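Let's work through a few exercises together, one step at a time. Keep the structure open beside you and try each task before reading its solution.

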Amino acid sequence: MVDDDGPVRLIAWVSGRVQGVGFRWWTRSRALELGLVGSARNLPDGRVAVVAEGPRAACARLLEALRGTGAPGRVDGVTEQWTDPRGDLTGFVEA
């Protein structure tokens with residue numbers, strides 16, 4: 001994953017008050033603006049899991065948005081994992 005312009009898969013786990021506040025819808029909107037595909041889904045432990053694929057720079061911008069102050073609710077922390085893209089995603093869904 002040396003190529004800064006190449007496609008990647010970002011997996012981010014967002015903790016805080018992020019369920020029931022429109023966070024998944026907001027994440028989907030930001031991802032679509034950036035041309036990414038993937039999903040945002042609630043986890044049983046109260047976190048939201050975000051999976052996004054696309055150009056590394058666009059995924060990095062989404063990660064910045066997730067950590068920023070403009071998200072609905074309250075983000076206490078974001079854990080990230082970068083991997084090679086699978087190419088198995090279409091659109092961006094709230095799961």
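Two strands count as paired if DSSP finds at least two bridges between them. Keep in mind that this model is predicted.

**Exercise 1. Find how many bridges join S1 to S3, and in which sense these strands run.**

Step 1: Count the bridges: 8 of them join S1 to S3.
Step 2: Look at the directions: S1 and S3 run antiparallel.

**Exercise 2. Describe how strand S2 pairs with strand S3.**

Step 1: Locate the strands: S2 covers residues 37-42 and S3 covers residues 48-55.
Step 2: Their pairing is antiparallel, over 6 bridges.
Step 3: Check residues that face each other. Val37 stands opposite Glu53 in S3, and Arg41 stands opposite Ala49 in S3.
Step 4: Look at the connection. S2 and S3 form a hairpin with 5 residues between them, and Gly46 in the turn has a positive phi of about 95°.

**Exercise 3. Work out the order of the strands in the sheet, and which strands stand at the edges.**

Step 1: The sheet is open and has 5 strands, in the order S4-S1-S3-S2-S5, with mixed pairing.
Step 2: Strand S4 (74-83) and strand S5 (92-94) are at the edges; each has a single partner strand, so one side of each is left without a neighbour in the sheet.
Step 3: On average, neighbouring strands of this sheet are turned by 15° against each other, direction ignored.

**Exercise 4. Is Ala95 buried or exposed, and which residues is Ala95 in contact with?**

Step 1: Find Ala95 in the segment after S5.
Step 2: Exposed means over 50% relative accessible area. Ala95 has 52% relative accessibility, so Ala95 counts as exposed.
Step 3: Leave aside neighbours within four places in sequence; Ala95 is then in contact with Arg24, Ala40, Arg41 and Asn42.
Step 4: Take Arg41 from that list. Ala95 and Arg41 are 54 residues apart along the chain, yet their C-alpha atoms are separated by 4.6 Å.

Notes. Residues numbered from 1 in each chain as written. Predicted model: local features only at pLDDT ≥ 70, side-chain atom pairs only at ≥ 80, totals over all residues. Heavy atoms only, no water. Helix = DSSP H or I, 4+ residues; strand = E, 2+ residues; numbered from the N terminus. Axes fitted to C-alpha atoms, helices over the stretch in contact; angles between N-to-C directions. Buried < 20%, exposed > 50% of the residue type's maximum accessible area, 1.4 Å probe, protein only. Contact = heavy atoms within 4.5 Å.
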